[in-house]
Amino acid sequence: MNENYKNNKLYLEGLESLPKNVRQIGDAREGNRIYMEDYVYSYLHQFAAEETSSEQIAFLIGKYYTYKDDVIVIIDGAIQGDYAEKVNGDLCITERTWYHVYEKIRKYFEDYSVVGWMYTQPGYGILLTSFLKEHHNKNFIDDKQVLYIVDPLEKEDSFFAYENGELVEKKGYYIYYDKNPSMHNYMLENKTKKEEKNEQDIDEDNDIIKTFRKKEQQRKDDLYQKKFINMLSILCGGLVLICLVMGIGLLNNIEKLNNLQAAMKTMTEKYNNIKKEVIDLENENSIMVNNELGEEISDANSNNDGQTSKSGLESGEKDTETITLPKTQTINPKDIPTSYTVQIGDSLNTISEKFYNTLDMVPTIQKLNDISNKHKIYVGQEIKLPKP
């Protein structure tokens, strides 16, 4: 941590002007401000979205500046928080994590330092828990270092910074657009799992398309040969018939020659009808081949999408599984404890059902514990239980 602290002190420089070409998120116009480069913003949110069942950590890389007596934090890069470990259900930064971060800074972000960190908590919104406060104080000793909380499920994010010795939520921040070769190089060599998977899917799709194109060409060649042979057979049959009729006519008198002319007219009409049927048959076969090819390509793409959807569905079904608790006929107030510690899978509904056999106590539990949103409680939270 000493190296991190010294680096942050080193880069407290003055700014003559703020970054241009920016997009404002929330109300960020007053006081100390935070600017995040667009590459960094996109990478962090892609990194957060690839894991929606557990927390993730990343480090914010940049510099501090002063501008008209305000502190400006400019975030130019981000590094994945590898080698973090779970301790009592919370994802924690380790010494190996810090070693990894400094290696990446020396390789990609020379002359920059750690200006904060990102913590994802899927499904819990941007709640600043006591764990986050303690872990921030333990690992980030400079009071200018910020905390960026992201909920990839709720699509929410917010910065927290020190004000009067306490971590408080910032009203907003800025995204600025500029050339960022350092972050670009890091992104190319440290792709997220989602990016790697997308590239693999593209390669597989290209192989499938090539295979079907080859099959399509073979089928077209076979179909063309069959149509050509059928057409030749029909034409030859027609010519033989015409020649036979002409020979017979030449052996007969003028009356028969008139009859021959009538027969020739009839045969010509029949030939035109046969030719039309051959052309219609060719068009129908071509449409049939294209339809079969489209169905095979659709089936192949459905199989690829199905594999991804299946895993996502199974995960979704597991996340939304509710707990049904057995009910009793009577409630003894003496058996109800004064408080309850939230466990995995609990909600205010399940707690009310468990201790009161009814959902009618949910508003009372909310009021007693000052819980504004009954859907947002977290594991380990102490819930006071009222007497019925």
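This is a predicted model: local features need pLDDT of at least 70, side-chain atom pairs count only at pLDDT 80 or more; totals for chains, interfaces and linings use all residues.
Student: Where does Lys155 lie, and what is its phi?

Tutor: The general idea is that most residues other than glycine have a negative phi. Lys155, a residue other than glycine, has a positive phi near 60°, and it lies in the loop between strand 9 (146–151) and strand 10 (156–163). Strands here are DSSP runs of E with at least two residues, helices are runs of H or I with at least four, and both are numbered from the N terminus.

Student: What is the phi of Asn88, and where does Asn88 lie?

Tutor: Asn88 is not a glycine, yet its phi is positive, at about 55°. Asn88 sits in the loop between strand 6 (85–87) and strand 7 (90–92), and it counts as exposed because its relative accessible area is 79%.

Student: How many helices and strands does the protein have, and how much of it counts as buried?

Tutor: The protein has nine helices and 14 strands, and of its 388 residues, 35% count as buried. To see how the chain comes together, one looks at contacts, where contact means heavy atoms within 4.5 Å. Among the contacts in this protein between residues at least 6 apart in sequence, 71% join residues at least 24 apart.

Student: Which residues of helix 8 are buried?

Tutor: The buried residues of helix 8 are Leu348, Thr350, Ile351, Ser352, Glu353, Phe355 and Tyr356. Since seven of the nine residues of helix 8 are buried, this helix is largely enclosed by the rest of the structure. Its buried residues pack against strand 13 (339–341) and helix 9 (362–369). Just after helix 8 comes Asn357, which takes a positive phi of about 60°.

Student: Which residues does Ser352 touch?

Tutor: Ser352 lies in helix 8 (residues 348–356) and counts as buried because its relative accessibility is 0%. Leaving aside residues up to four places away in sequence, Ser352 touches Asn357, Thr358, Leu359, Asp360, Met361, Val362 and Ile365.

Student: How do I read the crossing of two helices, and at what angle do the axes of helix 2 and helix 5 cross?

Tutor: Axes are lines fitted to C-alpha atoms, for helices over the stretch in contact, and the angles run from 0 to 180 degrees between N-to-C directions. The axes of helix 2 (residues 38–49) and helix 5 (residues 181–189) come within 9 Å and cross at roughly 25°. That makes helix 2 roughly parallel to helix 5, given that angles under 35 degrees count as roughly parallel, over 145 as roughly antiparallel, 65 to 115 as roughly perpendicular, and the rest as oblique. In this contact, Tyr39, Val40 and Tyr43 in helix 2 meet Met183, His184, Tyr186 and Met187 in helix 5. The residues of the contact divide into six nonpolar, one polar and no charged, where Ala, Val, Leu, Ile, Met, Phe, Trp, Tyr, Cys and Pro count as nonpolar, Asp, Glu, Lys and Arg as charged, and the others, Gly among them, as polar.

Student: At what angle do the axes of helix 3 and helix 5 cross?

Tutor: The axes of helix 3 (residues 95–108) and helix 5 come within 10 Å and cross at roughly 125°. That makes helix 3 oblique to helix 5. Here Lys104, Lys107 and Tyr108 in helix 3 meet Ser182, Asn185, Tyr186 and Glu189 in helix 5, and the residues of this contact divide into two nonpolar, two polar and three charged.

Student: How many disulfides does the structure hold?

Tutor: A disulfide is a covalent bond between the sulfur atoms of two cysteines. The structure holds zero disulfides, where a disulfide is taken as a pair of cysteine sulfur atoms within 2.5 Å. Among the cysteines, Cys92 counts as buried because its relative accessibility is 12%, whereas Cys236, at 46%, counts as partly exposed.

Technical notes
Residues are numbered from 1 along each chain as its sequence is written. Side-chain values use heavy atoms; hydrogens and water are left out. Buried means under 20% relative accessible area, exposed over 50%, partly exposed in between (1.4 Å probe, protein chains only).
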